[in-house]
Every structure is written in C-alpha cells, then in structure tokens.
Amino acid sequence: MKAVVTFLISFLFLQSFAQTELPDMVLKNLDGTDVNIQDISKNDQIIIISLWATWCVPCKNELDAISEVYDDWKSETNVVLYAISVDDARTVRRVRPMINGKRWDYEFLLDTNNDLKRALGAATVPLTLVVKNNKILYRHSGYTPGAEDELYEKVVEFSK
C-alpha cells in the first residue's frame, strides 16, 4: 500500500512539474529534422506553442485568427509561434497541404505519437502556451473568437 501511495504522489508531482516547464523531448519538423523542444525557448525569447490537429475546427480557427495579426505581433514583440500538430500516423499526411492552403507562416513541428501532448497534460486541443526560457507562463485550452486578443496581452506582458 505504501508503494502505491508513493507512486501516486510521485506521479502527481511529475504531472504538475511537466505542466510548468517544457519537457526535454525531440519532435520532427516538416522536413523530418529532429528539434529538441527545449531548444526553441532560450535567451528570454517569448514563444507561443499551439497544439493543434487538421481535424480540429477550433484549432484551425485559432490559427487563422492569429495569422491575421501575426506579422504585427512579431514586429512588436519578436514572438515566434510553434504550431505543433498532434495528427497521428493516419492523418499527418494532411498537415503540409493544410499549411500550404492556409498560408500559415508559423514554425511547424509534429507530435504524431502525442508524447508532448501527454507530457503537457493536454486533454484536448487546441492548447495554447506562452513560454519563456522553457517555463510555461500562460496556458489556455480551447478557442473562442477573441481569445487571440488575450493571448497577445499575455505575450506583451511577459515580453517586458
């Protein structure tokens, strides 16, 4: 019984830790190159991570809404958005055509095994994070129109 309690406490501790920092994990970009997720958040650079999928309508709506203002966001705050697809092996082939069709100008990574999604404790997508030096400063699950305005306010707040 003691071992079970110790395991549960350890598990809960690790879950809470995983939700406050980016895990040390390698994903692939669209060209198949390995990218360590911790390498994208260095030197006080503010990044946005958006976990999304081609089959997720709210995800596409959020990325479309941000796309309309993203150039302004980049010039004002130097933020970089990493759109990380959680499409699995069956649907990942739809990612590149969707990106090209939407003309999204983000950095793209693939989480086809949902390892990052699990490590972040994401029950659903979209999950949007603001990260600085691998610390998760803001977390938002789901999307409703206008949520991108709150996201931008957080980016500005943490850029100071």
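Helices (H or I, at least four residues) and strands (E, at least two) are DSSP runs, numbered from the N terminus. By that rule Glu-62 lies in helix α2, which spans residues 57-77.

This is a predicted model, in which local features need pLDDT of at least 70 and side-chain atom pairs count only at pLDDT 80 or more, while totals for chains, interfaces and linings use all residues. Residues are numbered from 1 along each chain as its sequence is written, and side-chain values use heavy atoms, with hydrogens and water left out.

**Overall layout**

The protein contains 5 helices and 7 strands. Their order along the sequence is α-β-β-β-α-β-α-β-α-β-β-α. Of its 160 residues, 45% count as buried, a term that means under 20% relative accessible area, with exposed being over 50% and partly exposed in between (1.4 Å probe, protein chains only). Contact means heavy atoms within 4.5 Å. Among contacts between residues at least 6 apart in sequence, 70% join residues at least 24 apart.

Two strands pair if DSSP finds at least two bridges between them.

| Partner of β6 | Sense | Bridges | Residues standing opposite |
|---|---|---|---|
| β3 (residues 46-52) | antiparallel | 6 bridges | Ile-48 and Val-130 |
| β7 (residues 135-141) | antiparallel | 6 bridges | Ile-136 and Val-131 |

A hairpin is formed by β6 and β7, with 2 residues between them. In its turn, Asn-133 has a positive phi of about 50 degrees.

Glu-62 is buried yet has no salt bridge, which would be a side-chain nitrogen of Lys or Arg within 4 Å of a carboxyl oxygen of Asp or Glu. Lys and Arg count as positive and Asp and Glu as negative, while His and the chain ends are not counted. The nearest side chain of opposite charge to Glu-62 is that of Arg-139, 12 Å away. Leaving aside neighbours within four places in sequence, Glu-62 is in contact with Ser-50, Pro-126, Thr-128, Gly-142 and Tyr-143.

The structure holds 1 disulfide, meaning a pair of cysteine sulfur atoms within 2.5 Å. It joins Cys-56 to Cys-59, with an S to S distance of 2.3 Å. The torsion about the S-S bond of Cys-56 and Cys-59 is about 80 degrees, so this disulfide is right-handed. Both cysteines, Cys-56 and Cys-59, are buried.

**Aromatic pairs**

Rings of Phe, Tyr and Trp (its six-membered ring) pair if their centres lie within 6.5 Å; planes under 30 degrees apart count as stacked, over 60 as edge-to-face and the rest as tilted. There are 7 aromatic pairs in the structure. In one of them, the ring centres of Trp-52 and Trp-104 are 5.4 Å apart and the planes stand at 90 degrees, so the pair is edge-to-face. Trp-52 belongs to strand β3 and Trp-104 to the loop between α3 (95-102) and β5 (107-110), so this pair ties together parts that are 52 residues apart in sequence. Trp-52 and Trp-104 are both buried.

The rings of Trp-104 and Tyr-106 have centres 6.3 Å apart and planes at 35 degrees, so that pair is tilted. Both Trp-104 and Tyr-106 are buried. Ring pairs link Trp-52, Tyr-70, Trp-104, Tyr-106 and Phe-108 into a cluster.
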